[in-house]
Amino acid sequence: MLKPQTDGEAARFLLQASFSASSGAIAEVRNDGFAPWLDRAMRQANDVSAAGYFEARGFDRVDANRFYNGTTTGDWMIWSQLLSGGNVLRKRFALALSEFFVVSLGDIDISWRGPAIGEYWDILNRNAFGSFRTLIEEITLNPAMGVYLNTRGNRRADPRTGRVPDENYGREIMQLFSIGLFELNPDGTPRTNGGEPIETYTNDDVTGIAKVFTGYDFNYSQTQAFPDPTNPARTVAGVDFARRPMTADPSKWSRPSADGFHAQEEKRFLGLVIPAGTNASESLRLALDHLVAHPNVGPFFARQMIQRLVTSNPSPAYVGRVAAVFANNGQGRRGDLGAVFKAILLDEEARAMANVANPAFGKLREPMLRFVQLARTFGVRSASGNFEVGSLSDPANRLGQSPLRSPSVFNFFRPGYFPAGSQIATNNLLAPEFQVVNETSVAGYVNFLEGAVGMSASYLRDLSLDYAAELPLAHDPARLVDHLDLLLTANQLSAPVRETITGAIGSFAVQQTSSDADKLRRIHAAVLLVMASTDYLVQK
Amino acid sequence: MHIGKELEISRRAFLQRSGQLAAMGAASSYALGLAGIGEAAAFSSDGGYKALVCVFLYGGNDHGNTLIPFDPANYGRYAAIRGGINEEGGGIALPRASLAGTVLLPAGGQTLTDDITYALAPSMPRMKARFDQGVMAPLLNVGPLIAPMTRAQYDNNSVPRPPKLFSHNDQQSTWQSSQPEGSQTGWGGRMGDLAQSANTNAMFTAINATGNAVFLSGRQALPYQVSPSGAILFRPLRTGRLFGSGTAASALETILKSASGNILAADHATINDRSIKFGSFVNNALANAAIATDFGTGNGLAAQLRTVAGMIAARRSLGVTRQVFMVSMGGYDNHDGLIGRHDGLLAQLDFALDAFYRATVELGVADRVTTFTASDFGRTLSSNGDGSDHGWGGHHFVLGASVAGGRFYGRAPHVSVDTPDQVGRGRLLPTTSVDEYSATLAKWLGVSPSELPSIAPNIGRFANSDLGFMQQPETVAAAAKRMT
């Protein structure tokens, strides 16, 4: 059984598989070995769902706070999920999935958008180690996705008005959520014909599959209406419709009717023919079965998940091994996401310690992951219990990234991105996360850290860190840096950077008897310096 | 057909130049500048300052409700296709009466396809006024093409078409760089490569006031990113204190610039270094370049353009005479809710473009700064109920006192979902290529005719490398003199 040989090796594994490392978890992984620990940690149930959060905090009630109208509780919900609670592996993978199946809180213009995106997050979380096929069906019918990519209210063609089905979801479910634009080999490399890549679909396939996603709208069948507390002349629909899967049954819509709007004509795409007269749910079943069976899905999905968790430039062999697990989990099941997650993390390419020194290995830590790591490592608490942190998207004055707030369905960055005029480009490497790196964001990040290491920034005022494990080390710069190096970088700080940090924090006068305030100043500086270093920023 | 031949020619030209640059050991050097290195034949920097500003409309602008047919016959076709009833609008058709104030009538008269008369969207009165003033020109049905193409050639695949049509990210990249996602350089950056020679500080040749995009990446020219509030400085370095310690602040600077072995880390350190090195310099230059023009509030595009205007105002301090800028706004992917959202976006665009034009007048450079729009693609003319879907060709705008404005350029498409100038649902088959558009702008900026293929690699397959909508500032000045 493979076990980490050092604390650093265990921390490295934890930082790939979850959000942070702790002394306790490091000891567990060293004791259990990688695979048994992973099996055990993956079985942890979800302790608080997004729906549970909204209910516990009263954010799904119609009252004078008008929580139904706005995005605030959506941001708080996702920060509470990421910053607190257990089942961190599941959440880590769900977050990676949220960057593949993208929905953005900023672009869901409906009542109850907080709970709507909360339900979306719960779907990702619930299915993170489940079935790809189940997951893609649940997100397709989720109201947040329905609004984001326009399946909600989409109708069959009407020759009288010239109306035709909306193509948006049909296009993006193929381009982004399943097969991608090019035919792929099982190892994720493009198949070619005469040196040219082969496109997977034509626009006729888009117009064909678009008919599948017609006839759906919100399911109001169990939704109550409440008096609007600020305007008694109006009523406000309760939260249920924003969570329940959309329905093609017109008797369940807000204005029930006898006739639905699902396309009755033949639906033809990617070689599949769904006969005329097939109803909405059967059409959806056939279409999703067909998409998920496409040989591209495994390598297309596997490659991007490896990029999110381990390295921007996986070898084709690594992609191929993970894609093979997607195709068959060993028990004949296709699309077992838990098996894919394990395959990514236990792969020899992910585990090989030699890769720490490989100049082309690793990935830039995403800004939101840096913040989550900071908070979890140093015992974050929320004074209100709500985790009242808003969007941190602004690169100039905030973090430059906020979960569930991608600027478009193409995620914060593209899997094929590389910065121009860089060594990354000249070495033919990719670095997706560099799409959010520029002169503005790098300075914005350090300024953000200055207000985050002590949670002193006004927009983080609900949070605090305790630094309980660090205060006893604060008087000893070398030991403090050792400790932070392990937990934050898995001992990947280079010797010169360690020396620079150790020397710099020596400039703060701190003895064992110093006040906590003095000790914290040194700790804050040390944490900031570690987290500003490129040794930290690139996770290897 | 020899696709790619021009690229090869421009590549050889580039290799020659980059060899010269490498010999100088000074590529992209801020300290040394790059003035006059072997670029004389490739680029003309005569006649003072010039800049191009690309306004990218992310999501794919609905050109159908941006320039709307107004004459009764063509309006009737438009309304019928977009689900409107008579002249009252409805579906995704705007009511005809709402267009009366923004009809664009070329001063000398101009006969377009099917005698069409266009109106601008009702929320664009300022651009209507700039058209009437002669400094704004619409370019009709422009989009990416590898070679001129008919509908028959599209159907039988006898002429290569740009890959991955109708896909957002790929067509953004194709508009910006001639190639789908994964492209190394954009035509703004490639102009920057040539224009760097005109600038003392090469770093400020290509300025990005929005998110990272390939448009401004050149082979040497790198985009310098600046926020709507100017350069963002590392606060501990500006104050010289990190949690009270000067030693820790200087350690921070050392660490930010360090990387050990990893390629990604090295590139991150380079960007940190660039940010540290140029931030204060840029902000000092901006501080000394006051602009009185009102850019309003709550308009993100206007805020970006205000920064661009500031950089232009600071051009002497920054040491530049040729610049390419990029700004952007999002929200144009209106598959749903087109009516109600799109007009608001265009209102912001109208205000922001006009504010920027006013600023260039204030700075005395209205004839030296040309602003142009670009977008992922145009959209379907037919409706999906309350929005439109991804298309191909679309209409765009060029604005500036060097624009021969007040008339249309390019060929107006039929208002139709079944004529050969569209490929289904009114997705326009472009009749003017992005290469013709970019070549025309590049020539105005100073790119020599022999170098145009390095900007617009397909230009050799098109009849026009100059669409005629630009005139040199000297000509503008002479015309203005004649008029007074």
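How many of the 13 residues of α13(A) are buried? The count is 12, so α13(A) is mostly covered, where a residue is buried if 20 or more other C-beta atoms, placed from the backbone, lie within 10 Å of its own, exposed if 12 or fewer, and partly exposed in between. The model is predicted: local features need pLDDT of at least 70, side-chain atom pairs count only at pLDDT 80 or more, and totals for chains, interfaces and linings use all residues. Residues are numbered from 1 along each chain as its sequence is written, while chains are lettered from A and ligands numbered from 1 in the order in which they are written.

Helix α13(A) covers residues 297–309. Helices (H or I, at least four residues) and strands (E, at least two) are DSSP runs, numbered from the N terminus. The expected span of a helix is 1.5 Å times one less than its number of residues. For the 13 residues of α13(A) this gives 18 Å, which agrees with the 18 Å between its end C-alpha atoms. The buried set runs through V297(A), G298(A), P299(A), F300(A), F301(A), A302(A), R303(A), Q304(A), M305(A), I306(A), Q307(A) and R308(A). Among the elements that cover these residues are α6 (88–98), α12 (280–293), α14 (316–327), α15 (337–346) and β7 (363–364) of chain A.

Chain A meets chain B through 67 residues on chain A and 67 on chain B. Two residues are in contact if their C-beta atoms, placed from the backbone, lie within 7 Å. On the chain A side, two or more residues each come from α10 (168–175), α18 (423–426), α19 (439–452), α21 (495–505), α22 (516–532) and α23 (534–537). The largest share, eight residues, belongs to α19(A). By class, this side of chain A has 32 nonpolar, 24 polar and 11 charged residues. Ala, Val, Leu, Ile, Met, Phe, Trp, Tyr, Cys and Pro count as nonpolar, Asp, Glu, Lys and Arg as charged, and the others, Gly among them, as polar.

V446(A), L449(A) and E450(A) of α19(A) meet L528(A), M531(A) and A532(A) of α22(A). Five of the contact residues are nonpolar, none is polar and one is charged.

From α2(A), E28(A), V29(A) and D32(A) take part; α3(A) gives F34(A), P36(A), W37(A) and R40(A). Here four residues are nonpolar, none is polar and three are charged.

In chain B, D115(B) has a positive phi of about 55° although it is not a glycine. D115(B) sits in the loop between β3 (103–104) and β4 (118–120). D115(B) is exposed, with 10 other C-beta atoms within 10 Å. R425(B), also not a glycine, has a positive phi near 55°. Its loop joins β11 (409–410) and β12 (432–433) of chain B. R425(B) is buried, with 23 other C-beta atoms within 10 Å.
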